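Morning, everyone. Please look at the model on the screen while I talk.

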Amino acid sequence: MEWQQLEYFQTTAQLEHITRAAEALSISQPALSRSIARLEQELGVSLFERNGRAIVLNRYGKLFLLRVNRIMKEYQEGMREIAELTSPQYGEVSLGFLHTLGPQLVPELIRQFRAEYPHIQFQLHQSNTQTLLDRMMDGDIDLCLTSLRERDTPQQIRWAYLRSEELFVAVPVGHPLAERGAVRLDEVGNEPIVSFKMGYGLRKITDDLFQQAGIQPKVTFEGEEVHTIAGLVASGLGVAVIPDFQGIDRSQVSLLPVEWPLCRRNIGMAWIEGHYLSPAAEQFRQFIVRHFDTVGL
């Protein structure tokens with residue numbers, strides 16, 4: 001059974017006249033008759049009562065028409081949905097991003113973008129770097145805003161550098177280093193360390209920094225979010241290396257610049273080379289590049 005047979009049947013059933021149906025379908029009457037006959041042969045029943053060129057649906061035809069109408073409606077709605085999803089004005093963007101980018105950066109980007117493209121919708125996925133990249137490789141996510149890790153990712157992942165963020169040594173207020181203007185990372189080499197869980201971009205970055213400073217970190221607690229890490233530091237459970245983040249209680253935690261080694265993380269946008277990006281997703285990708293070029297971060 002072919003899709004065209006269903007279309008021919010539906011039109012013929014609606015008009016109940018072979019000549020008019022053939023004209024509406026822009027095919028010959030014999031071709032239409034043959035198509036209907038093949039359909040009836042496949043179904044094993046007649047669908048019409050015939051009276052010359054005029055035909056009337058029998059009870060089998062009426063039952064089958066109900067199903068065909070549903071099929072055609074689903075098809076048309078599917079075509080409409082795909083057209084909307086692939087439209088630059090009405091599509092959808094599946095965006096992944098780090099927890100640390102959720103409170104400020106991502107909402108601001110979406111707000112500015114939707115001021116220009118108000119009908120584009122977003123599916124948002126918040127997780128750690130490795131999970132986001134894995135889901136992007138699986139096709140669940142169009143674009144990722146995450147820490148830039150070109151060395152650790154498959155070749156088909158492409159990156160655009162967006163900005164660099166300074167990382168600070170976080171110590172509880174009252175710690176011997178709390179009033180210092182800056183510290184070397186190796187000065188906290190003997191301290192208990194509060195870090196991120198394995199698989200998080202900041203965990204990989206801080207582990208690399210500790211290695212660069214010649215430190216074997218004694219990780220005593222692990223968390224998933226900057227606020228959690230900062231809270232554990234404030235409780236006196238250790239020190240941490242974290243970015244400055246809105247909402248950190250500065251009356252409980254001191255953030256100290258690091259003189260050595262250079263403590264920064266690069267934020268980038270990732271996508272899959274050769275993977276289809278809908279027009280809406282491509283619009284958003286270009287918008288992000290323009291945005292960070294404009295703000296100069």
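Ground rules. This is a predicted model, where local features need pLDDT of at least 70, side-chain atom pairs count only at pLDDT 80 or more, and totals for chains, interfaces and linings use all residues. Residues are numbered from 1 along each chain as its sequence is written, and side-chain values use heavy atoms, with hydrogens and water left out.

Helices and strands here are DSSP runs numbered from the N terminus: H or I and at least four residues for helices, E and at least two for strands. Two packed helices are described by the angle between their axes and the distance between the axes. Axes are lines fitted to C-alpha atoms, for helices over the stretch in contact, with angles from 0 to 180 degrees between N-to-C directions.

Start with α2, residues 18-25, and α3, residues 29-43. Their axes come within 9 Å and cross at roughly 100°. That makes α2 roughly perpendicular to α3, a label for angles of 65 to 115 degrees. On the α2 side, the contact (heavy atoms within 4.5 Å) uses Ile-18, Thr-19, Ala-21, Ala-22 and Leu-25. Helix α3 supplies Gln-29, Leu-32 and Ser-33. By class, that is five nonpolar, three polar and no charged residues.

Now α1, residues 3-15, against α3. These axes come within 10 Å and cross at roughly 110°. So α1 and α3 are roughly perpendicular too. Helix α1 brings Gln-5, Tyr-8, Phe-9 and Thr-12. Helix α3 brings Leu-32, Ser-35, Ile-36, Arg-38, Leu-39 and Glu-42. This contact has five nonpolar, three polar and two charged residues.

Next, salt bridges: a side-chain nitrogen of Lys or Arg within 4 Å of a carboxyl oxygen of Asp or Glu. The count comes to 14. In one of them, Arg-50 pairs with Glu-40, the closest N and O atoms being 3.1 Å apart. Arg-50 sits in strand β1, residues 48-51, and Glu-40 in helix α3, ten residues apart.

What makes the nonpolar surface patch of about 380 Å²? Trp-3, Ile-71, Tyr-75 and Met-79 do. Its largest share, three residues, comes from helix α4, residues 59-85. Ile-71 is in that helix.

Last, the backbone. The peptide bond from Trp-260 to Pro-261 is cis, with omega near -10°. Pro-261 lies in the loop between β12 (258-260) and β13 (264-272). Glu-16 is not a glycine, yet its phi is positive, near 50°. Find Glu-16 in the loop between α1 and α2.

Methods
Parallel < 35°, antiparallel > 145°, perpendicular 65-115°, else oblique. Nonpolar A, V, L, I, M, F, W, Y, C, P; charged D, E, K, R; others polar. Patch = residues over 30% accessible without salt bridge, like charges linked within 9 Å, V, L, I, M, F, W, Y side chains within 5 Å. Areas by Shrake-Rupley, 256 points an atom, 1.4 Å probe, with all protein chains shown as cover.
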